[in-house]
Every structure is written in C-alpha cells, then in structure tokens.
Amino acid sequence: MLNSTCLPLNSIRPLPEDVVNLIAASEVIDSLVAVVKELVENALDAEANRIIISVWPESWRVQVVDNGWGMDLTNLKQAATAHSTSKINTITDLFQINSLGFRGEALHSLAQLSDLEIISRPNSPSLANSGCRVSYNHQGEVVKTETIAVAQGTVITVSNLFENWQNRRQSLPASAQQLRGIQLIIQQIALCHPQVTWQLRQGNNPWFQISPGVNAQQILPQIIKNIQLSDLFYLKIPPDYDNINLKDIELILGLPDRASRRRPDWVKVAINGRMVRSPELEQTLLTALARTCPRDRYPICFVHLHLFPEQIDWNRNPDKSEVYLQNLNQWQELISQGIEQALRLNFERISPPQNRIEKLLKVSEDKGSYKINSETQLDAQTSQTELGILEIKAIAQVLNTYIIAEHSSGLWLIEQHIAHERILYEQICDQWRLIPLEPGIILQSLSTAQLEQMHRLGLEVDPFGDGVWVVRNAPELLIKRSDCPEALLELSLGGDLQAAQVATACRSAIKNGTPLSLTQMQTILDQWIKTRNPRTCPHGRPIVLQLEESALSRFFRRHWVIGKSHGI
C-alpha cells in the first residue's frame, strides 16, 4: 500500500526485513484502476475529506489531490523507496492494522512503472503556504525538489504509466472499460467512507461526483439509479458488552417491496473501511433475504463491520480484497439478526402526537350521511415487535380482496391472500409437518421424475396398480383441503423443499374474492404484522400499500388555513 501521505507526527521509514517477509506482497499496480485505488486509499489514511481524481486514459496519466495531513520534505524523500511506510514498524503492528495501507510498496511500484511526481504540504504552521514538489526516478530515488506554494494536502501525479511495458498496455482493457472500473471502485470506497466529498474528472472535464453523507444510506441513492432514500433501511447494531471484539455493524438494506436488482451485484460486504470479498458473509446475506424479492430479482444490501484489528488478518490476498476473520459464526449470526429486524415494518418513524386520521373520520362522520361500523370502535389489538408496540385496526374490506386498516401513521391497504400466504409460509417453515393420510390419496400417471421429487420431499408414495400410486402422507395444511390431490401433483413437478413450502402456503391461503368479517380481518392483520418479513410474500410481491397521513394531508391540502376553522 502507499506511503504518500502520513498521519501527523509519523515518519516514513523502511520496514524491517522480518516484517517484509511476513507480508503477502506482490506487484499491485496492474492497471489505471489499481493506481486510483492505491492513491485514494492512501489519501483516506491521511484523513482527507475531499478528494479530486483526474484521469487521462489515452495518455496513461492519473492525478489524485487530497486535503489530508500531507508530508514534509524528509518524508517525501523516503516515500517511494521499497517497503517504506508510516503505518507499521514491527511484527506486532501487523496484528493491529487500523489503516487501509501498510505494506509500503505501491509508490515504489509506481515509480518503477511511470513518471512519479508528488506535491505536498503538511499541517505545520511554520511552513505557511510553502510545500515541496518532488520528482522520482524509476528506482524511487529523488531526482528533483523545489519549493512551491500549495494548500495543505498532497497532489500525486502518475504519468506515462507502463511506457516501458507496451505489452502490459496492450493486454489491458480499452479506456472505456478502465474508466468504468475506476467508477465502480470509487463508488465502493465512497460507501465505506461516506463523510468524504468526491470529484472525478476525465482530463479537465467533470465526470461525476459524490456528495458526503452521515452514513452510507445517503451515498447509495447517488450510486444506484432509481433508488430513493426512503427505499432504504439503515440499521446500526451497537456493540454487545459481552462481546469486546465488536465496535458496531452498519446495515443498509433496500426494502424488498420497493427496491431490487436484476443481478446479484449489490450484495456487498465491507470491513473496517474496505470493501472485501467474503463468500461466507455474502451467503449469509442472501440466505437471510431469501424469498423476499420477486422472481429473477435480487436484493440490495450493504453491510459494514467495524471490528477491532486483532480480529482481522489482511494477508490472505496481496490486494487485501479477502481477509481471514476470527469469530466468523458470531458475525454471521449478528448480521442475520440485523436483517430480520430490518425486514420488519419500520414503526419507529410512526410517532404523531395524536391519531389525526381518527379525528378526520370523526369530523366527517358528524357532517356526513354515513356512520363508521360500530365494530371499528372496538379497541384494536396490539402487536409487539422488536421496534415497539404497533396498533393496527381493520376498517373494511374492498372488493373482497383488500383489507383497509387504520394505523397511527395513516391508512394501509393490505392484500389479504398474500398477507395470509406470508403467515402460513413462515409457520410452515418453522414446523414442516407431514401427516398420515387415512385413506391414502390415489394419483395416476406419475413420471419417474415426479416420484423422485415426492420422495425428496418426504412424501410416502407406493404402487397401487398399473400406472396408479397411493400417497400415504401429506403436508398438514393440505390434508383438509378438497384440492389436496391437485396440490400433491403440484408439489411433484419440481423444486426444493422451500419451493414446496411456498406452493403449500400459496394454495392454503385465503383466496382473493373471499368475504371476511372484521374479526377475521383483524386476526389476519395481527398475525401478519408479527411475521419476520411483513413487506413481501414468499414470491416477492409487496403486501401493503402505505398511505401516510402526511401524504393524505398534502393531497387534500389540509395545510390550508381554512381547514383549521373546521376543526381539522
């Protein structure tokens, strides 16, 4: 990693030989993307909060400007020598890595592969506006220095990259593809460091920029098209006092009823400020989000673990894209719990001073020719969730399909079939039971593949004549249904156990077009709101349409002064 900027009071020095031998090192500069990544990570180590990146791909030139701590001339003279860094010094430091870089080889590699120039001024009142410009030869040695007026920070310019390695240039992707790679790497780094302002240029022309935010939730909508801030859920899992190895975990989740992707390209994991590949943690995310998005759609999820350094070994891969983690099972469990909490409806945002919807209906009732059904005056049952007490009350049924519910934040419209499907699916998953059939169900014309599928699901199927079979058991929910034979045939057509559970829940749920009493509707609502994922059905369809009172107020222009004269 780079050594071009350094933390205050630290000096750049060569690493001892015993430390160099323990570091997984290799040539890290293999493209324009690698140049940008190394220089940017070094600027972040210098605590820069504004970084400007300019790229001239046709001339193989990159410049990175930051407002970090900067370097004095002594450090500049040492910066491009091999294995020189201000981040670590001893073997013990390798197990206490708090910076993005620590190997001290990238600037030396850049000097070998290009024309390298650094302009820098440290945070030193004695230097006023005076900094240094230093040029290096291909051995990383200083060949020219001069004093220059410059703001605090560092400007690194890499020119004529791979000029003496034309085969390397010819083997690299086209300029457009390399620019796309730079854009992707900066977007990933920006998610890990949301407090930084990013400006990127193609030559002297503006390319794109990313504004700073409080956390990654404010960054993601700037990166992914058609994603709004309200489509994302942010959760910070604080440290457990029984667990001294965790600082915190940040989770940003695209709400599955609002945001998803056509490819699984935005399930990302970061550890201590760096995006990493972690198949184990990525699989944890995908498993926890299974059956939440529509068919052929994938979730949007970013999790950032802030761990103490001794929990991480960065020497798994030279580019530090993969790590060894201690207590991996513990982090997987915490992430799963966080996603389970995030998938619930966010009730913390619902905190009006009074039930304004009820007041609106009451005023309208007094002046209108209708009365609200007396059953709606019953006290609504409450449901306890991890986010607090929720009151939701069934009001009416529309088209024998949708349940209208009153909530302290407004009105909700819930599709009864898929809400009930979600309830049954989670019940089935928690307790998948096959019950003996007396008598058995006769099925005909089953293929070999269908018989194998039924056996995989645990269904007992025996021959009962020429081309006839008898099924001896079935899922508990299906046994009392008149269409149980059809349901068993459906289960035989393929899919894993989870697909069979989805099909069972779908067939067993209340059908649309079924009239319900207020008591039945309230029972469905109370059970649905307690599910682990009340936002979508197992097929990924949204269950609830939320009409918040603030939106209703804007639509009916209740902010007008005239409304106050009517007591509204």
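Modeller: First, a cut-off. A residue is called buried under 20% relative accessible area, exposed over 50%, and partly exposed in between. Arg291 has 27% relative accessibility, so Arg291 counts as partly exposed. Keep in mind that this is a predicted model.

Now the salt bridges. A search of the whole structure finds 15 of them. Take Lys236 and Asp248. Their closest N and O atoms are 3.9 Å apart. Lys236 sits in strand β11 and Asp248 in strand β12 (residues 246-254), so this pair links parts that are 12 residues apart in sequence. The two ends differ in cover. Lys236 is partly exposed, at 48% relative accessible area, whereas Asp248 is buried, at 13%.

Next, Asp430 and Arg532. Their side chains meet in a salt bridge of 3.2 Å, N to O. Asp430 belongs to helix α11 (residues 416-430), and Arg532 to the loop between α16 (518-528) and β25 (544-548), so the pair ties together parts 102 residues apart in sequence. Asp430 is exposed, at 55% relative accessibility. Arg532 is partly exposed, at 31%.

Then comes Arg433. Arg433 forms a salt bridge with Glu476, and the closest N and O atoms are 3.5 Å apart. Arg433 lies in the loop between α11 and β22, while Glu476 lies in helix α13 (residues 476-479), so this pair joins parts 43 residues apart in sequence. Arg433 is partly exposed, with 38% relative accessible area. Glu476 is also partly exposed, at 40%. Elsewhere, salt bridges with shared partners join Lys37, Glu41 and Arg274 into one network.

Strand β22 (residues 434-444) holds Pro439. The peptide bond from Glu438 to Pro439 is cis, with omega near -5°. Most peptide bonds are trans, and most residues other than glycine have a negative phi.

Two loop residues have a positive phi. Asn226 has phi near 65°. Asn226 lies in the loop between α7 (216-223) and β11 (232-237), and is exposed, at 73% relative accessible area. Arg291 has phi near 60°. The loop of Arg291 runs between α8 (279-288) and β15 (301-307).

Last, a pair of helices. The axes of α14 (residues 484-491) and α15 (residues 497-508) come within 10 Å and cross at roughly 155°. Angles over 145 degrees count as roughly antiparallel, and α14 and α15 are therefore roughly antiparallel to each other. Their crossing is right-handed.

Note on methods: Residues numbered from 1 in each chain as written. Predicted model: local features only at pLDDT ≥ 70, side-chain atom pairs only at ≥ 80, totals over all residues. Heavy atoms only, no water. Axes fitted to C-alpha atoms, helices over the stretch in contact; angles between N-to-C directions. Helix = DSSP H or I, 4+ residues; strand = E, 2+ residues; numbered from the N terminus. Parallel < 35°, antiparallel > 145°, perpendicular 65-115°, else oblique. Left-handed = near helix turned anticlockwise from the far one by under 90°. Buried < 20%, exposed > 50% of the residue type's maximum accessible area, 1.4 Å probe, protein only. Salt bridge = Lys/Arg side-chain N within 4 Å of Asp/Glu carboxyl O.
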